[in-house]
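Have a go at each task before you read its solution.

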Amino acid sequence: MAYSKYKSTPLTDDEIKQKYVDIQDELQEVFAWKKEEEEKLADPNSSPQKQSAAKRALKKIPRRINTVKGQIIYWKLRVAGESHFKANIELNEYWASCKEE
């Protein structure tokens with residue numbers, strides 16, 4: 001059985017631009033989160049539990065940053081007019097380079 005139409009409607013140019021802006025905002029939120037966790041770890045008045053939680057969070061932050069940067073690459077290509085297929089290939093190449101590090 002073949003489909004003659006998209007299962008869902010494609011994103012409009014405005015929606016693609018909005019997604020690109022949203023993911024850039026998310027990167028700023030991740031950097032703020034990283035700064036907040038580093039401050040908790042450096043604060044001598046923090047409880048041991050709070051410092052331990054900050055250490056665990058700091059291990060997760062680099063992967064989150066890579067995830068958001070990959071999404072920025074994807075949406076930047078989509079804004080430039082590339083197809084989902086081409087942008088997804090670039091995203092996968094970025095992920096492969098992250099895993100090699």
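**Exercise 1.** Find the residues with the most contacts inside the largest nonpolar core.

*Solution.* Start with the core itself: it has 16 residues. (A nonpolar core is a set of buried Ala, Val, Leu, Ile, Met, Phe, Trp, Tyr and Cys residues joined through side-chain atoms within 4.5 Å; buried means under 20% relative accessible area with a 1.4 Å probe, protein chains only.) Inside it, Val68, Ile72 and Trp75 have the most contacts. Next, look at who contributes: H1, H2 and helix H3 (84-100) each give two or more residues. H2 gives the most, with 6 residues.

This is a predicted model, where local features need pLDDT of at least 70, side-chain atom pairs count only at pLDDT 80 or more, and totals for chains, interfaces and linings use all residues. Residues are numbered from 1 along each chain as its sequence is written, and side-chain values use heavy atoms, leaving out hydrogens and water.

**Exercise 2.** Work out how the rings of Tyr74 and Trp75 are arranged.

*Solution.* A search of the whole structure turns up 1 aromatic pair. The ring centres of Tyr74 and Trp75 are 4.8 Å apart with planes at 90 degrees, so this pair is edge-to-face. (Rings pair if their centres lie within 6.5 Å, with Trp counted by its six-membered ring; planes over 60 degrees apart count as edge-to-face.) Both Tyr74 and Trp75 are buried.

**Exercise 3.** Decide whether Ser46 is buried or exposed.

*Solution.* First locate Ser46: the loop between helix H1 (13-42) and helix H2 (48-79). Its relative accessibility is 12%, so Ser46 counts as buried.

Terms used: Phe/Tyr/Trp six-rings, centres within 6.5 Å; stacked < 30°, edge-to-face > 60°. Buried < 20%, exposed > 50% of the residue type's maximum accessible area, 1.4 Å probe, protein only. Helix = DSSP H or I, 4+ residues; strand = E, 2+ residues; numbered from the N terminus.
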